[in-house]
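Hi,

Here is the structure I promised to pass on. Have a look at it first, and then read my notes below.

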Amino acid sequence: MSSPLPPEKSNSKKKSRKKHTKGSLQWTDSLLSEDPFSLLSGGDQGGFLSLEEIDESEFGLIGEVVEAVGEEKGNKKKKKKASSVSNSNKRKRGDELSSELGSGTVVTEEGDKEEKKRKGNNRNNDVKDGVQGKEEAGRKNKKNKKEKKKKTNQKEGTSGEIAKVDEKGAKSFLLGEDEVYEWNALRLHPSLMNSIRRLGFREPTPIQRACIPAAAHQGKDVIGAAETGSGKTLAFGLPILQRLLEEREKAARLKLEDENLADKKIDTESPLRALIVAPTRELALQVCDHLKQAGKSLDIYVVPIVGGMSLEKQERLLKRRPHIVVGTPGRLWELMSSGHQHLVELNSLSFFVLDEADRMIEGGHFHELQSIIDMLPVTSGSGTESSDGQTEPSMQRKKRQTFVFSATIALSDNFRKKLKRGLSSSRSASGGLSSIETLSERAGMRPDAAIIDLTNASIMANKLEESFIECGEEEKDAYLYYILSVHGQGRTMIFCTSIAALRHTSAILRILGINSWTLHAQMQQRARLKAMDRFRGNENSVLIATDVAARGLDIPHVRTVIHYQLPHSAEVYIHRSGRTARASTDGCSIAVISPKDKTKFYSLCKSLSKESLKQFPVDNAYMPEVMKRLSLARQIDRFTRKSSQENAKKNWFEKNAEALGVDLDFSDSEEEGTKSMKEKKSSSAQLNKLQQELDAHLKRPLQPRTLSHRYLAGAGVSPVLQQQLEELSKRNAKGDIAENNKKSRFVVIGQDLVEPLHALRSSGQEVCVNLEKKKEVQKRADIWKRKKQDEKKRAHEQKRKARKRAKEGM
Ligand SMILES: Nc1ncnc2c1ncn2[C@@H]1O[C@H](COP(=O)(O)OP(=O)(O)OP(=O)(O)O)[C@@H](O)[C@H]1O
């Protein structure tokens, strides 16, 4: 990993730097001087240059890449590289220069030489660059191989942990036994403890701490609710693995003890032991992956059964009789209803899990899920009635455990209250059962299930910072572009409710030079997975998704979630926002609210018990330029859409004509032909012109209107520094700074320095979002205003009367 670490992961040295940066700039130590002002002016040597004056070959970037061993666990061994932030990790902006500058922290003459070599020459040197590039790539390759080899030989960290890099380059952590002592109380199998050490999890998360004893040692059913990203997957996954391991050992012991069994082969056929159902394909694949990681080298076979993938391949997987199947309801039911042996012989099923249970009861899943549940063997614990309506306590009790998990279960109607009363008593009032309860009951959930609700009133992740931007419907794109280009650091997820909005957003951003990946339900599964993969692969990437990506997806280091369109429910808002600030990291969400979203937004805030929320700080000085670019992008988009629509129409005619065996005659009259040709030419010329104009804008970094164009200043500039820059600008204009000092050092402040979270923390303002309170305040303000007006009127009247009296008295 080569990402700059978030502030809380910084070592103490970095912390001291933070004081100077105010969360907005990341200086390197060498650049820190006592007087930041002198730094900006290039110290003794002084001298600013405008963007046009910068010769790329003369400057490098000073950024920092902190490579962390055991980074997640905040260990202290972090390598700092003075080299630039890897350009390959940067978002493509369609503008080479802006991306170069944007990626850096501070640009100086003394930039690192390698960077100079890599990017130094201008675009015309492509061929030369190509050859040099190959040579360099060769050198780098060799170096990488050496490094990889070195890393594979485990390295002992300062705290005794060992970072291991496997053949695929994936890093795993081997913590020392004493470092995972917090897990000891959970009495997990030694092999699982090894997995935990390998995964680098020093301590169980609260939901794991609460669930594992109940599920793994007391054999209880569990209804579990905890914030997004809090480790619920392993909260149910570890008890499953634990029981499978224990049973396997028990069987082996029995075999050893019992002479009769000694010659017999036990457990040749492995039946299905755990069935886990998740609402989306990506989530099912992820849960499967998670369990595979935790059960690595334990000989426990886990497979995913999800739609959008080859049915034959999945049947082949099932033939290998996996112990655990993780699937989506649709595909699972398809295979179950076709009588696939491994999925219908469920007498040995020991676990049935509903992940994201509250989503399962919504439209689209419910019926398939119901059918799956009806296939499960009846357990006496459920008190299920037989077909003739009689409860059958005599039925053989199967020790199947049912786990029902979600971050938002507690949000469903009165669920908390019912949970407090206890499942059995709520069941007696069967008229009021919620669907989750009905489902759980039907699945065999026992009345003594452990109910573990660790969610707080707002049900949001602890370290999530929420915010919003109010704007017109038409301005949403502008603010989106503003956030991505001014605060364009870190992985960002943008959520849309409709596919049409998603397509529009992605097209506009692409024209504006910001590449993004898209994910929605109408995409082919292969493309969905590719988008996820690409998104995971770049620490500054952007994913625009519909709510298909809202739940459960665990993509590391998503720093910002943007609600471009508000979701339909508070639950979805929570899950969307929960794609960031996972596993005790921080992150922020920004809801972009237009007037028509307001009512929805306020009721959403109300259901999440929010009284106030931060307004995302927007520097309006950027907006004229943002709007200009956006207007050009929209025009280009209209042109391209029109021409692709025409092409699609033409193709449609041709295709259908061919199918009908009809000859199409597109030939217009000569006059019409010339006219249409002229129109095409003119629109293509217009398109070219627009594109050129936009390109010219994109070549320049986005700058605030109010600052001198002589400075490359961006969002990385705190108010204090902005003031200093303006001051310098004035001084420079007066000629205070030595003009002849051509070789002087100078500094360019890059744009992409401040993540939205940091901007929010440094200048976001709390605003009341409680509609009743707002109305109340407004009412009081109106009363006060009226009172003042009355007082004024009275005073005026009194004065008038006094004047009149005075006149009469005269
Ligand atoms: N004990 C632990 N210590 C540190 N990290 C953990 C621990 N357990 C799980 N994690 C990590 O935390 C992240 C979130 O876990 P997981 O996906 O299970 O969260 P979740 O609660 O299911 O989230 P959601 O509600 O969004 O589905 C994962 O990357 C996982 O590897």
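Which residues in α6 are buried? They are Leu192, Met193, Ser195, Ile196, Arg197, Arg198 and Leu199; buried here means under 20% relative accessible area, exposed means over 50%, and partly exposed is in between (1.4 Å probe, protein chains only). Helix α6 spans residues 190-199, and because seven of its ten residues are buried, it is largely enclosed by the rest of the structure. Glycine 200 follows α6 and has a positive phi, near 80°.

Before going further, a word on what you're looking at: this is a predicted model, where local features need pLDDT of at least 70 and side-chain atom pairs count only at pLDDT 80 or more, while totals for chains, interfaces and linings use all residues. Residues are numbered from 1 along each chain as its sequence is written, and side-chain values use heavy atoms, with hydrogens and water left out.

Now the overall picture. The protein has 28 helices and 23 strands; these are DSSP runs numbered from the N terminus, with helices being H or I of at least four residues and strands being E of at least two. Of its 810 residues, 49% count as buried. Take the contacts (heavy atoms within 4.5 Å) between residues at least 6 apart in sequence: 75% of them join residues at least 24 apart.

Over residues 463-631 the chain is 38% helix and 21% strand, and the end C-alpha atoms are 37 Å apart.

Next, a sheet. Seven strands make an open sheet with parallel pairing, in the order β10-β11-β9-β12-β13-β8-β14; two strands pair if DSSP finds at least two bridges between them. At the edges are β10 (302-305) and β14 (450-453), each pairing on one side only. β10 runs parallel to β11 (residues 324-327), joined by four bridges, and proline 304 sits opposite valine 326 in β11. Helix α8 (residues 232-257) lies across β9 (274-277), β11, β12 (351-355) and β13 (401-406), at about 165° to β13. For that angle, axes are lines fitted to C-alpha atoms, for helices over the stretch in contact, and angles run from 0 to 180 degrees between N-to-C directions.

Do look at arginine 576, in helix α22 (residues 570-577). Arginine 576 counts as buried because its relative accessibility is 0%. Its side chain makes a polar contact with the side chain of aspartate 547 at 2.6 Å and reaches the backbone oxygen of glutamine 565 at 2.8 Å. A polar contact is a pair of N or O atoms within 3.5 Å; within protein, one must be able to donate a hydrogen and the other to accept it, and residues adjacent in sequence count only if both atoms are side-chain atoms. Not counting residues up to four places away in sequence, arginine 576 also touches others, including Phe495, Cys496 and His563.

Last, the cysteines. The structure holds zero disulfides, a disulfide being a pair of cysteine sulfur atoms within 2.5 Å. For cysteine 471, the nearest cysteine sulfur belongs to cysteine 496, 13 Å away. Cysteine 471 counts as buried, at 8% relative accessibility.

Cheers
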